Amino acid sequence: MNLFDVYPLFPIEPVKAQGSWLWDKNGKKYLDLYGGHAVISIGHGHPVFVKALTTQLNQISFYSNSVVSSLQQRLADKLGQVSGYPEHQLFLCNSGAEANENALKLASFVTGRKKIIAFRKAFHGRTSGAVAATDNPKIVSPFNAGHLVEFLPFNDKEALKAAMGSDVAAVIIEGIQGVGGIHVADDEFLRFLATQCKTYGSLLILDEIQSGYGRSGKFFSHQFSGIKPDLITIAKGMGNGFPVGGVLIHPDIKPWHGMLGTTFGGSYLACAASLAVLEVIEQENLINHAATLGTAWMDQLKKVPGVLEVRGRGLMIGFDLPAEHSSLRNNLLHEHHIFTGEAKPHTIRLLPSLNITEEESAIFQKALMQELS
Ligand SMILES: Cc1ncc(COP(=O)(O)O)c(C=O)c1O
């Protein structure tokens with residue numbers, strides 16, 4: 001059987017990983033500044049993570065959501081404490097798209113409405129509603145396009161004001177647009193958005209799937225603005241590579257049995273992985289580290305001749321390049337053995353592990369200078 005060929009592949013096969021480093025099957029070593037799409041939060045193979053998963057695997061790895069799981073409650077308690085959302089409720093699922101799908105469904109249940117507002121360049125995943133709220137017609141099938149979604153310019157108060165109304169179930173926005181090229185939602189815009197949602201009884205969904213879990217230098221990037229969204233979606237860094245996602249749900253939203261559900265969501269292994277991630281984020285002070293190192297790194301990038309614009313917060317960094325440097329990402333990978341991300345047309349995205357060191361960031365800086373000189 002052939003694999004369904006939907007991914008353009010680098011001709012590299014990683015077989016081992018530790019911290020911010022990967023090794024391919026020929027023993028070649030790579031610096032990982034991308035974490036497999038912003039997934040690696042506490043570093044590859046972190047000993048606390050490995051121990052938590054192997055211990056859990058030796059006890060019980062799976063049963064369904066029809067039995068008591070105190071591990072799920074421990075995760076909810078820890079997440080509430082570390083994130084600053086102890087009053088919100090937690091629904092556990094398996095991926096980012098699924099988290100957004102459930103958030104959109106909840107907003108529609110709560111309001112009885114259908115219309116969703118999303119933003120230009122947004123990416124929210126590939127399932128039915130999530131992809132309909134994603135601003136990329138190429139990946140939206142006619143079936144998905146049946147949803148009622150209006151796209152607005154990002155960070156544009158006037159456009160938002162004109163589009164809001166009592167027919168809007170929810171507004172969905174990334175704290176920092178990732179796939180769209182690292183565009184930060186303005187604090188002032190988020191405050192205005194939260195007020196508009198209140199005025200019209202619409203729910204605010206903050207997609208923190210890429211920008212959450214400490215990456216921005218706060219637990220959630222929207223926390224720079226001081227708002228408290230109704231629904232917050234999480235995945236990626238939450239499991240450091242173990243597939244897990246979730247929705248943080250405002251305490252006023254009342255559940256009923258069967259309202260949401262999943263077979264695999266909240267499995268023992270997913271909870272063990274997620275608890276280990278939170279423990280390490282806290283013990284190693286990774287949020288402050290992301291803030292400090294990220295700010296210094298962005299300052300350095302701004303000084304590199306040839307770099308056009310630097311955007312981001314913490315360790316979610318993007319910078320634009322002139323068109324003649326369109327091969328930079330490939331050169332970094334094949335000549336300097338550094339994995340980075342990109343956004344079309346000319347943005348490089350850096351999404352390293354939150355415990356990357358200053359020395360490791362300097363390796364990138366040196367390679368970049370060489371390439372752009
Ligand atoms: C902001 C955002 N939301 C949702 C998703 C979808 O997550 P997943 O690929 O786990 O379904 C992504 C993935 O890149 C993302 O960046």
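Helix α4 (residues 96-111) supplies three residues to the shell around the ligand, which is the largest share of that shell. The model described here is a predicted one, and in it 15 residues stand around the ligand, of which S95, G96, A97, G125 and I209 come nearest. Sorted by class, the shell around the ligand holds five nonpolar, eight polar and two charged residues.

The protein chain that carries this shell contains eleven helices and 17 strands. Its C-alpha atoms fill a box of roughly 55 × 55 × 45 Å, taken along the principal axes. A compact globule with 373 residues would have a radius of gyration near 21 Å, and the protein chain, with 20 Å, agrees with that expectation.

| Helix pair | Distance between axes | Crossing angle |
|---|---|---|
| α2 (residues 47-59) and α8 (residues 268-283) | within 9 Å | roughly 155 degrees |
| α3 (residues 70-83) and α8 | within 9 Å | roughly 30 degrees |

How are α2 and α8 oriented to each other, roughly parallel or roughly antiparallel? Angles over 145 degrees count as roughly antiparallel, and the axes of α2 and α8 cross at roughly 155 degrees, so the two helices are roughly antiparallel to each other. The crossing of α2 and α8 is right-handed. On the α2 side the contact is made by V48, F49, A52, L53, Q56 and L57, while α8 contributes Y268, L269, A272, A273, L275, A276, V277, E279 and V280. The residues of this contact of α2 with α8 divide into 13 nonpolar, one polar and one charged.

For α3 and α8, the axes cross at roughly 30 degrees, and since angles under 35 degrees count as roughly parallel, these two helices are therefore roughly parallel to each other. Here α3 passes α8 in a left-handed crossing. The residues L71, Q72, R74, L75, K78, L79 and V82 in α3 meet Y268, C271, A272, S274, L275, L278, I281 and E282 in α8. By class, this contact of α3 with α8 has ten nonpolar, two polar and three charged residues.

Read side by side, the two lists of contacts show that Y268, A272 and L275 of α8 take part both in the contact with α2 and in the contact with α3.

Key: Residues numbered from 1 in each chain as written. Predicted model: local features only at pLDDT ≥ 70, side-chain atom pairs only at ≥ 80, totals over all residues. Axes fitted to C-alpha atoms, helices over the stretch in contact; angles between N-to-C directions. Helix = DSSP H or I, 4+ residues; strand = E, 2+ residues; numbered from the N terminus. Parallel < 35°, antiparallel > 145°, perpendicular 65-115°, else oblique. Left-handed = near helix turned anticlockwise from the far one by under 90°. Contact = placed C-beta atoms within 7 Å. Nonpolar A, V, L, I, M, F, W, Y, C, P; charged D, E, K, R; others polar. Near = placed C-beta within 6 Å. Rg over C-alpha atoms; globule rule 2.2 N^0.38 Å.
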